Amino acid sequence: MPSDLARLGVVDAADRLAAGDCSAVELVEACIAAQEAARNLNAVVADTAERARAAAVHADQRRRRDEARPLEGIPVAVKDIFCTEGVATTACSRILDGFVPEYESTVSARLWDAGAILVGKTNMDEFAMGSSNETSRCGPVRNPWSPVDGPSLVPGGSSGGSAAVVAASAVPAALGTDTGGSIRQPASFCGVVGLKPTYGRCSRWGIIAFASSLDQAGPLTRSVADAALILEHIAGFDPRDSTSADLAVPDLHTALQGDVRGLRVGVPSEYRLDSLPSSISDLWEQGIAWFRDAGAELREVSLPHTRYALPAYYIVAPAEASANLARYDGVRFGARSMGTDPDELYTRTRRDGFGEEVRRRVMIGGYVLSEGYYDAYYLRAQQVRTRIAEDFRHAFQDVDVLLTPTTPSSAFPEGAKTDDPLAMYVNDIFTVPASLAGLPAISVPAGLDEDGLPLGLQLVGRAFDEVTLLQAATVLEAAAGTFRPPAMAA
Amino acid sequence: MTGPRTIVGTTGDWELAIGLEVHAQVATQSKLFSGAATAFGAAANAQVSLVDAAMPGMLPVINRAAVDQAIRTGLALGAKINRFSVFDRKNYFYPDLPQGYQISQYRHPIVGAGELRIDMPDGRTRVVGIERLHLEQDAGKLVHDRSATDSHVDLNRAGIPLMEIVSRPDLRDWEEAGAYLRKLRALLRAIGSCDGNMEEGSLRADANVSVRRPGAPLGTRCEIKNLNSVRFLMRAIETEAGRQVDLIEAGETVHQETRLYDPQRNETRAMRSKEDAHDYRYFPDPDLVPLQLSESRIERLRDSLPELPDETRERLIRDYGLTPYDASVLVADPDAPRFFEAAAHGHSGKRVANWIVTNLFGALNEAGHTLAESPVSAPDLGQLVGLIEDGTISDRIARDVFDEMFRTGASPQSIVDARGLRQIQDTDAIDAAIDAALAANPGQLDQYRAGKTKVLGWFVGQVMKATRGQANPGLVNERLRQKLDGAGKA
């Protein structure tokens with residue numbers, strides 16, 4: 001049955017393919033069919049079915065010739081922010097209308113080199129700026145956990161399409177990018193695993209930039225082991241990205257077998273917000289108990305500058321974005337609204353091409369960098385960033401990982417926060433600190449709230465210690481089990 | 001010794017203060033942040049990488065060779081090499097700037113304070129302060145003449161590495177400014193960090209010019225942009241200083257602004273004033289890590305430096321007895337010292353230098369050749385001087401021989417032999433010619449005897465004419481004097 005095949009995770013699908021229990025063609029067809037069936041989610045924005053079918057035939061041929069690679073025949077969906085050669089790539093922005101890259105991002109190229117197959121480019125907030133996938137010019141994504149006859153819930157963002165398509169079991173894994181929580185928050189909202197690696201672990205080459213010092217690619221999957229396997233194949237030094245780390249990638253998949261007894265798990269007291277819903281604080285307590293039961297040692301830690309993280313993030317990220325998005329000027333590629341002189345061309349192209357949230361952030365970014373304000377905003381935010389990184393370094397002298405909620409709420413209805421940017425930004429409150437410090441973090445589905453909506457818990461690790469992070473994540477996964485949207489169950 | 005020039009106004013003398021910002025194209029095979037080629041004269045957009053065109057997701061990677069050349073240049077300027085420097089984004093929109101920002105160095109340049117010594121023709125020496133040297137990328141260029149309605153963009157230059165070398169406002173007149181630019185060019189060419197070719201735009205200068213009463217504080221400056229020859233630089237400064245003096249003396253004030261020089265009309269025109277200057281919103285480029293230089297790298301580069309022009313100049317004065325002026329002229333052309341030393345081997349250095357500076361450079365200049373293209377080789381020029389030194393030919397004949405060498409490339413010996421130009425050393429032959437001249441001109445002989453001794457020179461000329469210039473003029477003089485004075489006594 002094709003739909004059963006689409007429900008397989010990466011590790012299981014790889015095993016089935018290796019055992020000859022199914023073919024890549026069958027697996028890819030199952031995912032194409034499942035994506036077709038889940039069309040109402042609006043999670044996929046570029047149709048790649050024909051290419052995927054051809055690639056699947058090729059994958060089966062390789063396997064028959066005993067030339068199968070580690071991910072041979074595994075379908076993976078990719079956020080529309082990764083440049084994919086010959087496949088339209090727009091970051092879900094009107095300004096990149098018609099843009100078809102002649103190159104492949106390093107991270108996606110590594111997946112294809114390992115045998116994986118592109119099945120669907122996924123919806124996202126425009127230029128990854130959003131926490132609900134509502135800023136996409138391709139329209140909002142419906143969270144698969146939305147009540148069948150009720151209003152659409154958002155999938156989170158910005159990697160909303162990737163989270164939704166994985167949650168809907170329409171692909172085993174998807175790539176996302178995380179700048180301030182854009183993998184972890186939608187993973188939490190959709191009940192899937194979302195991993196943001198250490199900054200520098202994966203190359204940013206070929207990924208449309210939002211905030212260069214924060215952007216990092218990572219997997220969204222239905223299991224920790226799947227996330228580990230995908231990360232293993234996308235990570236690694238890239239000479240074309242000066243900020244990528246020249247470090248060996250550990251064997252993450254097998255490292256998961258490790259023991260967590262004696263693991264020191266930190267619980268940052270500053271994350272205990274008064275406003276936190278009891279469902280989330282209860283779940284957090286549950287997570288602490290699970291670790292204690294598994295033999296880990298729990299410690300209260302302090303990250304004193306936590307409350308400055310969100311404001312600092314919303315200065316640094318827009319500042320970088322304002323420059324990163326300057327190249328979308330209508331001169332060389334993408335959409336152009338003509339003018340009679342260059343200034344008019346820029347103004348019209350950018351006014352017509354960028355959505356409201358993108359324009360807002362470009363303006364904030366320009367403002368905080370402008371003469372006379374630089375010191376008060378940008379420089380100060382960078383100083384805060386240094387303090388936050390020091391907080392973590394200090395905490396990691398006593399603990400091996402940190403345990404926090406991923407988000408301050410579960411998925412909310414479409415339109416609930418679109419008129420209040422600040423309320424929207426607060427979604428990132430637990431995810432942003434690790435981003436500012438460049439640390440690896442993962443959201444693991446841990447339970448459901450009183451409305452039956454999924455909630456994730458976040459683990460934050462030391463820089464480049466994804467091994468410990470993933471080992472800890474397996475504890476949560478084993479205790480909590482996995483979650484499927486009711487509509488997808490049965 | 002005279003001092004720097006002043007502007008003589010209607011109300012008295014005005015002194016100039018000039019600082020130069022020189023943009024020197026770093027001699028590298030590839031661009032500052034991409035692998036695209038830098039060769040001059042390629043077809044439009046033939047040397048543009050994805051990075052240069054600022055395609056989405058593209059990242060800059062620093063060219064180590066360009067950094068090395070900047071360090072070498074800093075060392076040659078006796079400047080402080082900053083072990084830590086940062087690339088910043090300078091944000092502005094222009095169609096020839098694909099990224100929407102120029103990557104430059106603003107707060108932390110790679111090279112700090114240094115100095116450059118200039119020698120003026122009147123014998124004065126000045127030491128001009130260098131404030132800083134930083135690396136930055138060039139922009140592309142707009143092409144307006146291909147169509148009546150559209151403009152085109154050529155990105156071949158986009159991303160080419162430039163060193164911006166900023167002097168202190170230590171230059172006191174346009175001649176010092178010209179000498180500074182020539183000296184800087186000689187230095188860059190001697191160490192090979194820039195080809196110094198101003199016609200191809202490898203070296204361009206912006207001049208900051210202000211005037212003041214002698215001894216007064218610096219006046220308001222205007223910046224004249226993009227001067228691409230030493231001659232234009234000097235004329236632009238002289239013109240601009242005159243304009244400022246006229247303004248002030250007419251009771252008006254000089255406004256700080258950017259101006260362009262129009263060589264056709266020999267005037268400067270306002271381009272933009274300080275008020276509508278851009279706010280470039282500089283901030284550190286998050287795509288690049290700060291440059292950190294090791295001591296061993298700096299020492300290796302120091303060891304790679306050839307003898308510097310000032311050192312060569314001192315050595316030529318010391319070892320060959322050259323005049324400071326001839327030595328300065330020789331070191332201004334990086335090929336000239338080697339040419340000189342090859343030619344001077346076994347000959348009078350002073351005489352050889354004089355031949356190069358006066359005759360060879362004049363002829364090359366007239367023919368539009370560089371020294372490397374000289375039809376006269378160094379050994380041949382040495383041979384020519386040798387023929388003068390051993391009395392084979394006179395200075396006057398040597399000039400004819402030189403002209404023919406320059407025209408045909410033949411050796412001086414072969415020209416002298418073929419044309420029978422060997423100087424007449426035979427006293428009998430000279431005596432015969434003298435006797436004939438005296439006999440043929442009894443009137444002049446009487447004049448001489450009557451005390452008009454100036455007639456001696458006239459007789460020398462007659463003898464030289466009769467011998468078609470081949471008589472040794474020294475001998476003619478000596479024998480003629482003997483004959484005339486001897487006859488007088490008799």
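## Ground rules

Helices (H or I, at least four residues) and strands (E, at least two) are DSSP runs, numbered from the N terminus.

What you are looking at is a predicted model, in which local features need pLDDT of at least 70, side-chain atom pairs count only at pLDDT 80 or more, and totals for chains, interfaces and linings use all residues. Residues are numbered from 1 along each chain as its sequence is written, while chains are lettered from A and ligands numbered from 1 in the order in which they are written.

## Confidence

The predictor assigns the complex an ipTM of 0.96 and a pTM of 0.90.

## Two chains, side by side

Chain A has 17 helices and 11 strands. Its radius of gyration, taken over C-alpha atoms, is 21 Å, close to the 23 Å that the globule rule (2.2 Å times the number of residues to the power 0.38) gives for 490 residues, so chain A is as compact as a globular protein of that length. The C-alpha trace of chain A spans about 65 × 55 × 50 Å along its principal axes. Of its 490 residues, 61% count as buried; here a residue is buried if 20 or more other C-beta atoms lie within 10 Å of its own, exposed if 12 or fewer, and partly exposed in between, with C-beta atoms placed from the backbone.

Chain B holds 15 helices and 16 strands. Its radius of gyration is 29 Å, whereas a compact globule of 490 residues would have one near 23 Å. The C-alpha atoms of chain B fill a box of roughly 100 × 55 × 55 Å along the principal axes, and 43% of its 490 residues are buried.

## Where the chains meet

Two residues are in contact if their C-beta atoms, placed from the backbone, lie within 7 Å. By that test, 25 residues of chain B are in contact with 34 residues of chain A. The chain B side has 17 nonpolar, 4 polar and 4 charged residues, where Ala, Val, Leu, Ile, Met, Phe, Trp, Tyr, Cys and Pro count as nonpolar, Asp, Glu, Lys and Arg as charged, and the others, Gly among them, as polar.

## A helix pair in chain B

Helix 13 (residues 442-449) and helix 14 (residues 455-466) of chain B have axes that come within 9 Å and cross at roughly 150°. The axes are lines fitted to C-alpha atoms, for helices over the stretch in contact, and angles run from 0 to 180 degrees between N-to-C directions.

Q444(B), Q447(B) and Y448(B) of helix 13 of chain B meet V455(B), L456(B), W458(B) and F459(B) of helix 14 of chain B. These contact residues divide into 5 nonpolar, 2 polar and no charged.

## Loop details in chain A

The loop between strand 3 (117-122) and helix 6 (160-167) of chain A contains N123(A). N123(A) counts as buried because it has 30 C-beta neighbours inside 10 Å. Leaving aside residues up to four places away in sequence, N123(A) touches several others, including N42(A), D80(A), C92(A) and G161(A). S158(A) is in the loop between strand 3 and helix 6 of chain A, and the peptide bond from G157(A) to S158(A) is cis, with omega near 10°.

Backbone angles also deserve a look. A91(A) is not a glycine, yet has a positive phi of about 50°; S169(A), also not a glycine, has a positive phi of about 55°. A91(A) counts as buried, with 31 C-beta neighbours inside 10 Å, and S169(A) counts as buried with 25.
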